[in-house]
Amino acid sequence: MADPAAPASVVDEKLYSRQLYVMGHEAQRRMMSSKAVLIGVSGLGVEVAKNIILAGISSVTLCDPTMPNSYDLGGNFYLGESDLDNRSGGGRAGLCRDKLAGLNEYVKVEVASGVSSLVDDESGLLDLVNGASVVVVTVPLRTSLLCAMNEKCRSSGTCFVYSLVNGVFGTVFCDFGDEFLVVDKDGENPATSQVENVLTSNPALVKVLEDQGRHGLETGDRVTFSRVVGLDGILSSDVSYEVKVTGPFTFELPEVDATSCSEPATQGYITQVKTPTTMKFKSYREALDDHGELMMSDFAKFDRPPLLHLAYCALSAYAEMNGMEYPKPGDMTACREVWKLAKSLDTGKILDNDDAGAAERIVLHLASGSRSILSPMCATLGGIVGQEVLKACSGKFTPINGFFYFDADECLPDAPLPIADVTPSGTSRYDSTIAVFGREAQRRLLDLNYFLIGAGAIGCEMLKNWALMGVACGESGRVHITDMDRIEKSNLSRQFLFRNTDINEFKSATAARAAMEMNPNMNVVSYQEKVGSDTEAIFGDDFYDKLDGVCTALDNVEARLYVDQRCLFYRLPMLESGTLGTKGNTQVVIPGVTENYGATRDPPEKSIPVCTLKNFPNQIQHTLQWARDYFEGEFKQSGEDVNSYLGNPNYAESLAGQQNSKIETALAIRKTLVDERPVSFEDCVVWARLKFETIFNNQIRQLLHNFPEDQVTSSGAKFWSGSKRCPKALLFDLNARCEDAKMRNHFDFIVAASNLRAQMFGIKGRTDEGYFVEVLQNVIVPDFSPKEGIKIASTEAEAKESDNAGTASAVAEEEVDQILASLPKPGALAGFKLNPIEFDKDVDEHMLFVTACSNLRALNYSIPTEDTHRSRAIAGRIIPAIATTTALVTGLICLELFKIIGTSRKELKIDAYKNGFVNLAIPFMTLSEPTPPAKTIAVVKGKEWHWTAWDSLDMNKGDITLEEFIRYFEVEYNLDVSMISHGVSILFSFFANKKKLAERMTMKMSEVVTSVTKKDLPPNQLFIIFEIIANDLDTDEEVELPYVKYRFR
């Protein structure tokens, strides 16, 4: 790990924005002063290098003088078939160096000099340890050399990682020494809660507010308190206290005797203190002999890790006996030699009960595919190893202690394929895939037609994997990719297909070009369209009809649910994945086999009550939401309202539709356009200062006038207690700094607000402090006197009642007319237009205002403040992201694609497919069998039919008449149809007008639809959905049926 006391480097927050919410600034600085040595730049090596370079460590030294071979092309995205004959490129390391260096301008990438061979040059390889923070080996080396390198790393305080990928099998080993300091074991935000009360007992008993959730603490944790009201001030904010948990909402403080206090505490904030831990690792030599407890990845394979440890030992022994060469694909003689070695090394008697040959199958498959380097496996292990390197450099998160094994043997046939099916050409990028899955599987990959929705981090990684796998690289194959967004700088730390020169370009087009550079045979069509009901003219029946599957790389649930419905309708597989910092999930959706994505949903996110936002905030989330809303109203909505008035001659008529807000809108227009319209920047500064007084002083004083500090409720309880925090008015102080975030919120608010105001009116702004000091000295702030008769909602019910209470119509109309009449006529302001400002979390000026505004309101209510970085995450709802997790989840998803195309000589069942959840921070991985779809039982023609959401009654009889449609169900299903509907329109029912029914009976079904709905069917629509109600002709019982999928073209 880098020295925590090393000089802090300046962190580029624009570039590392999303990653900083995963790693934090301190860990990022430690990474930026760390050096990694990477030995082996085949598929896994280049994946690891990509991930740690994107993450921004100080330097990476590549060591691999080996000439590329065709297996390398299966996983190394910076090597091509033309590199196989390149003997002047400096081996794999030299050929990849420049492209890797282009990933991050802050990272120094160099090729190790003086190492002639990875097989024979032991001294040169050992010298690479000198000065390194971490050494990573991703190619097979002799055991004696690995042990010597590991021992040198231990003696010099260098972390050591060894990892291999062999077909669908992989291993990781970590040794970070005898005393490795983990500064944050899981990366979770400290548990926080709010005090409801602290009793004057011994020990002091704390109860937290239940409406804020459980306290989330464990006995032995330590916490700090801040802004505590009561308990005579004995709980210091500078001291941490041990916790003894007594319930989900209560805990004791064993170190605190509060019996002498005059009153209990009634409010305060509680924050968990995260404590560092020290880990001890075994050396490589020790772990080979005694691996100890092995990390699991799939609990359905609980006995697999020890078997793979033995199998890898046998494979290593075979390689050392054969010049560090693994068995050739399909060479069963060599594979059985590995099996014999495994049996001879089996001191733990793992293989004694292998009567069914399950263990032998695993060892033979590992040996047969051992030369193969598959892109999905490199991505999966590359994500894991990349994160282990970052842990070594930063001390953030818990490392893998010892060995970890991973496999996807469910992709494989029951027995290794014949040698003729798996023999590589020696010149093809697809040799690694052929060596494991055979030529027929590769042909299917080449001919795939897939729809990739999203070209962000997951989309980029997916395209890269597909280019190496050969997806859509045949004549009939095609990948369609769509994304509306353009590239921003913050994308570059994880969306690795983009460079600085691509900023502001469309993501989908740029990613498509980059993928086709990796594999010129790849056929990619890019779009810049949103996928939804409004783009079905583009992505309609004719589009989905040609697809083999859909892969989502989306960042919102709504879009996923829409795509899920499309996949259900067209019975297409859906590959779904997502990340949240170091956490990732994958879901494979197989028609008829698994439940669909939307079958189970998370509960909706809780919204903040209106009265809490307006008058009673108690968390920084409340003040940030309030600040965002204020930004929206002051700098966007007011400008849009003025522009609507100036541009619409009939504005009064359009305003009439705003029943409850038309007076407020009219007053806001007058205020913006007349009363407070600035003509100079000085006017903007004065406006900002008066706004400060109104918001953070006057409104608070009015609130306290309505609800004094000693107010009690009708039941006699204190009004200002529990989640209601008694506010205090702020006195303007240009030099004030807040205690928590150390920000000059008063000054920042004036600067940001005046500049945003100026921008809205097209006035040039400025930020020099001297100017503001001079102007503010001359601002006259009117005295404030509380008003009587002002009603302030104290509960959510009162807030809703207030919102719903409209002003008397006649009075409202008259007042609105008077306000509009007082405004200058639009013709008198010809050419004048405001510039409404859309909030953008990545624009610093916007965030400066929102942060200052939020913090000032927090200071009003004694809520801990936050800096701009943290405020940006909350207000902008930023999803933390890092390249390692993205690589891992796309690797897992692409392994599922191998299953979807079909495994040779094996019929896959639901237990072969895997959904995944990972958390690289802990570390934790679990793969599990998907859930089958729920079934509905219907009795049709006397037989039970168990149908699911995947089923429909498919009709492909052409565009038949309504009479023929009804007759079809009588003959085919023995059903009497009593009602047919399409969407909200009823097309046929037993109670309908007989004359209309008679007319419709002879009409084509498509004509019936257009006649009833009054809408034409789009030319690209092939199907119409009908819902029917029908009874069994024999029993007269209603039969519950799926929808009818009617193909009319």
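Q: What do the buried residues of helix 4 (residues 91-101) pack against?
A: They pack against helix 3 (43-55), strand 2 (59-63) and strand 3 (108-111), where contact means heavy atoms within 4.5 Å. The buried residues of helix 4 are G91, R92, A93, L95, C96, L100 and A101. Helices (H or I, at least four residues) and strands (E, at least two) are DSSP runs, numbered from the N terminus.

Q: What kind of model is this, and how are residues numbered?
A: This is a predicted model, in which local features need pLDDT of at least 70, side-chain atom pairs count only at pLDDT 80 or more, and totals for chains, interfaces and linings use all residues. Residues are numbered from 1 along each chain as its sequence is written, and side-chain values use heavy atoms, with hydrogens and water left out.

Q: Why is S754 called buried?
A: Buried means under 20% relative accessible area, exposed means over 50%, and partly exposed is in between (1.4 Å probe, protein chains only). S754 has 0% relative accessibility, so S754 counts as buried. This residue lies in helix 24 (residues 745-760). Leaving aside neighbours within four places in sequence, S754 is in contact with F681, C684, V685, A688, F749 and F772.

Q: How do you know that V165 counts as buried?
A: The relative accessibility of V165 is 10%, so V165 counts as buried. V165 is found in strand 5 (residues 159-166). Not counting residues up to four places away in sequence, V165 touches L44, G170, S372, M377, C378 and L381.

Q: Are D298 and K914 buried or exposed?
A: D298 counts as buried because its relative accessibility is 3%. K914 has a relative accessible area of 8%, so K914 is buried.

Q: What makes R336 and E360 a salt bridge, and where are they?
A: Their side chains meet at 3.1 Å, N to O, in a salt bridge. R336 is in helix 9 (residues 332-345) and E360 is in helix 10 (residues 358-368), 24 residues apart. R336 has a relative accessible area of 40%, so R336 is partly exposed. E360 counts as partly exposed because its relative accessibility is 22%.

Q: How do you know that R361 and D409 form a salt bridge?
A: The closest N and O atoms of R361 and D409 are 2.7 Å apart. R361 is in helix 10, while D409 is in the loop between strand 16 (402-407) and helix 12 (419-422). R361 counts as buried because its relative accessibility is 17%, and D409 counts as buried because its relative accessibility is 8%. Salt bridges that share partners join K301, R304, R361, D407, D409, E410, E896 and K899 into one network.

Q: How many salt bridges does a search of the whole structure find?
A: The search finds 52 salt bridges.

Q: Why does F917 count as partly exposed?
A: F917 has 35% relative accessibility, so F917 counts as partly exposed. The place of F917 is in strand 23 (residues 915-919).

Q: Why is L231 called buried?
A: L231 has a relative accessible area of 1%, so L231 is buried. Its place is in the loop between strand 10 (222-229) and strand 11 (241-242). Phi of L231 is near 60°, a positive value in a residue other than glycine.

Q: What makes K941 partly exposed?
A: The relative accessible area of K941 is 48%, so K941 is partly exposed. K941 lies in the loop between strand 25 (936-940) and strand 26 (943-947). Phi of K941 is near 55°, a positive value in a residue other than glycine.

How values were computed. Salt bridge = Lys/Arg side-chain N within 4 Å of Asp/Glu carboxyl O.
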